Amino acid sequence: MKIDWIHVIILVLAITAISGCSTPGPVVTPTAVPATPTPFPPTPTATSTVVPTPSPTSTTPSSASVTISGFSFQPGEVTIARGGTVTWTNNDGTAHTIKFQDSESPALQNGKTYSKTFNVTGTFDYICGIHTYMNGKVIVV
Ligand SMILES: [Cu+2]
């Protein structure tokens, strides 16, 4: 029997084409698009009103308390009105002092307090005279 090679090739091509067509291709599912985009948070406008800082004298406390704990003054900075008083309380087991440029408290043992009145405005830095790395600041306005 003589083989008609042309027919064989056509048959092979036909089978290949059929199998190729019958192979399911990747199913492209349309991606759901949100109807509305996610709104961004409102952008502050450049023309927003600047709220003036209230006058310090209207809200500045006349007194402040500082705790000495863990070899540090807490808070490290207090603001009081002129004529006000700052009171330090030593919660450490170790004695500390409150040393300003012009004065120094006695050594405060645990639980002891020291108060100082400030009649002049300005910024007053202080340290512990025993542990000079301990520092704090009193701002008098
Ligand atoms: Cu100290």
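Two strands are taken to pair if DSSP finds at least two bridges between them, and strands themselves are DSSP runs (E, at least two residues), numbered from the N terminus. The model is predicted, so to speak of local features a pLDDT of at least 70 is needed, side-chain atom pairs count only at pLDDT 80 or more, and totals for chains, interfaces and linings use all residues. Residues are numbered from 1 along each chain as its sequence is written, and side-chain values use heavy atoms, with hydrogens and water left out.

Start with β7. Strand β3 (residues 77-80) runs parallel to β7 (residues 135-140), and four bridges hold the pairing; E77 sits opposite K137 of β7. Strand β6 (residues 122-127) also pairs with β7, this time antiparallel and over six bridges, with G122 facing V140.

A further set of four strands makes up an open sheet, ordered β2-β1-β4-β5, with mixed pairing. The edges are taken by β2 (73-74) and β5, each of which has a single partner strand, so one side of each lacks a neighbour in the sheet. Strands β1 (residues 63-68) and β2 run antiparallel and are joined by two bridges, and T67 has Q74 as its bridge partner in β2.

Next comes the copper site. Donors here are N, O and S atoms within 2.8 Å of the metal (3.2 Å for Na, K and Ca); water is not among the atoms, so sites may look incomplete. The copper ion has three protein donors, H96 (ND1), C128 (SG) and H131 (ND1), at 1.9 to 2.1 Å. Along the sequence, the spacing of these donor residues reads H-x31-C-x2-H. H96 belongs to the loop between β4 (85-90) and β5 (113-117) and C128 to the loop between β6 and β7, so that this pair links distant parts of the chain, 32 residues apart.

H131 is also in the loop between β6 and β7. Its relative accessibility is 14%, so H131 counts as buried (under 20% relative accessible area, with exposed over 50% and partly exposed in between, using a 1.4 Å probe and protein chains only). H96 and C128 are buried too. The side chains of H131 and H96 make a polar contact at 3.0 Å, meaning a pair of N or O atoms within 3.5 Å where, within protein, one must be able to donate a hydrogen and the other to accept it, and residues adjacent in sequence count only if both atoms are side-chain atoms. Beyond its neighbours within four places in sequence, H131 is in contact (heavy atoms within 4.5 Å) with F71, T94, A95 and H96.

As for the aromatics, rings of Phe, Tyr and Trp (its six-membered ring) pair if their centres lie within 6.5 Å; planes under 30 degrees apart are stacked, over 60 edge-to-face and the rest tilted. Seven such pairs turn up in the whole structure. In one of them, F73 and Y126 have ring centres 4.8 Å apart and planes at 75°, so the pair is edge-to-face. F73 is in strand β2 and Y126 in strand β6, so this pair ties together parts 53 residues apart in sequence. F73, at 5% relative accessibility, counts as buried, as does Y126 at 1%. The rings of F100 and Y126 have centres 5.1 Å apart and planes at 45°, so that pair is tilted. F73, W88, F100, Y114, F118, F124 and Y126 form one aromatic cluster.
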